[in-house]
Structure formats: C-alpha cells, structure tokens
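Student: I would like to learn how to read some features of a structure I have not seen before. Could we go through them one at a time?

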Amino acid sequence: PGLRLLLLAPSLDHTRTNALGTLQPGAAAEPKLPTHGNEAFIYQLEGTARVELTGGRRVTLQPGDSVSYRSEEFERMSNPGRRPNRFFWIQAHSRA
C-alpha cells in the first residue's frame with residue numbers, strides 16, 4: 001500500500017518496463033519477486049525518496065537526482081517526506 005505504478009509504453013524490443021511511480025508519505029516499497037540479472041533506473045521527479053540497496057548502501061533522491069542498480073541489489077524504497085513523491089522508473093530485462 002502507498003505505492004502506485006502507472007505502466008507507460010513498452011520499449012519497442014520489449015526488454016524494458018517504463019513506469020511513472022507515486023509513493024505516499026511514510027510508505028515503503030520492497031521487492032515482491034526475485035528479478036536477478038535485471039538493471040533498474042530511477043529518476044526522481046517530485047519529493048524525496050530513500051533507496052536502500054544491499055551492503056547497507058542508501059541513496060537519498062531529490063528532484064533531478066537519479067540512481068541505477070542491479071535489481072537483485074534493491075531492498076527498499078521509502079518516502080520520508082510529507083508529500084507524495086513521484087519518480088520515473090525503468091527496468092531493463094535480461095534476455096537470458
């Protein structure tokens with residue numbers, strides 16, 4: 001709860017998922033299924049996001065910031081702010 005992903009047009013070769021996300025204040029998103037071998041990218045549009053990756057790495061995103069990571073490194077994304085945050089998310093799928 002608290003996360004909404006609006007799927008955008010698929011890539012022409014169907015190797016990427018493009019989405020516009022909104023995460024409500026105090027909400028967090030965690031992986032639901034394993035996605036090994038994929039790469040993801042987040043571009044922060046509005047608000048603040050905290051992205052937690054394996055090894056204790058944490059990245060705080062403000063509007064205009066971005067982060068790329070291997071999907072298996074993703075542990076959690078949260079909104080520590082008082083307003084909903086919006087972000088652009090791309091997941092590149094492994095062809096293997």
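Tutor: Start with a pairing of charged side chains: Arg70 forms a salt bridge with Glu39, and their closest N and O atoms are 4.0 Å apart. Arg70 belongs to strand S7 (residues 66-70) and Glu39 to strand S4, so the pair ties together parts that are 31 residues apart in sequence. Keep in mind that this is a predicted model.

Student: Are Arg70 and Glu39 buried, exposed or partly exposed?

Tutor: Buried means under 20% relative accessible area, exposed means over 50%, and partly exposed is in between. Arg70 has 35% relative accessibility, so Arg70 counts as partly exposed. Glu39, at 38%, also counts as partly exposed.

Student: How many salt bridges are there by this rule?

Tutor: The count comes to six salt bridges. One of them joins Glu46 and Arg86, with the closest N and O atoms 3.6 Å apart. Glu46 lies in strand S4 and Arg86 in strand S9, so this pair ties together parts that are 40 residues apart in sequence. Glu46 is partly exposed, with a relative accessible area of 38%, and Arg86 is partly exposed at 31%.

Student: Which residue meets Arg76 in a salt bridge?

Tutor: The side chain of Glu52 meets that of Arg76, at 3.8 Å from N to O. Glu52 is in strand S5 (residues 49-53) and Arg76 in strand S8, 24 residues apart, and the pair links distant parts of the chain. Glu52 has a relative accessible area of 16%, so Glu52 is buried. Arg76 has 29% and is partly exposed.

Student: Let us turn to aromatic rings. What describes a pair of them?

Tutor: A pair of aromatic rings is described by the distance of the centres and the angle of the planes. A search of the whole structure finds one aromatic pair. Tyr69 and Phe74 form this pair, with 5.7 Å from centre to centre and 20° between the planes. Planes under 30 degrees apart count as stacked, and the pair of Tyr69 and Phe74 is stacked.

Student: Are Tyr69 and Phe74 buried or exposed?

Tutor: Tyr69 is buried, with a relative accessible area of 7%. Phe74 counts as buried at 16% relative accessibility.

Student: Next, pockets. What is the volume of the largest pocket, and which residues lie nearest its centre?

Tutor: The largest pocket has a volume of about 510 Å³. Its lining has 21 residues, and Glu30, Pro31, Phe74, Trp89 and Gln91 lie nearest its centre. The elements that give two or more residues to this lining are strand S1 (3-7), strand S4 (39-46), strand S8 (74-78) and strand S9 (85-92).

Student: Which strand gives the most to the lining, and how do the lining residues divide into nonpolar, polar and charged?

Tutor: S9 gives the most, with three residues. The lining of the largest pocket divides into 13 nonpolar, five polar and three charged residues.

Student: How should I read the surroundings of a single residue? Where does Asn38 lie, and what is Asn38 in contact with?

Tutor: Asn38 lies in the loop between strand S3 (28-29) and S4. With a relative accessible area of 10%, Asn38 is buried. Leaving aside neighbours within four places in sequence, Asn38 is in contact with Tyr69, Arg70, Ser71, Glu72, Gln91, Ala92, His93 and Ser94.

Student: What about Leu45? Which residues is Leu45 in contact with?

Tutor: Leu45 lies in strand S4 and is partly exposed, with a relative accessible area of 34%. Beyond neighbours within four places in sequence, Leu45 is in contact with Leu20, Pro63, Arg86, Phe87 and Phe88. Leu45 and Ser66 are 21 residues apart in sequence, and their C-alpha atoms are 9.4 Å apart in space.

Student: Where is His14 found, and is His14 buried or exposed?

Tutor: His14 is found in the loop between S1 and strand S2 (16-23). His14 has a relative accessible area of 58%, so His14 is exposed. The C-alpha atoms of His14 and His93 are separated by 8.4 Å, while the two residues are 79 residues apart along the chain.

Note on methods
Residues numbered from 1 in each chain as written. Predicted model: local features only at pLDDT ≥ 70, side-chain atom pairs only at ≥ 80, totals over all residues. Heavy atoms only, no water. 1 Å grid on protein atoms, 1.4 Å probe; cavity = no way out; pocket = protein on both sides within 12 Å on 5 of 7 lines; lining within 4 Å. Points joined across faces, edges and corners; volume = space filled by probe spheres on them. Helix = DSSP H or I, 4+ residues; strand = E, 2+ residues; numbered from the N terminus. Nonpolar A, V, L, I, M, F, W, Y, C, P; charged D, E, K, R; others polar. Phe/Tyr/Trp six-rings, centres within 6.5 Å; stacked < 30°, edge-to-face > 60°. Buried < 20%, exposed > 50% of the residue type's maximum accessible area, 1.4 Å probe, protein only. Contact = heavy atoms within 4.5 Å.
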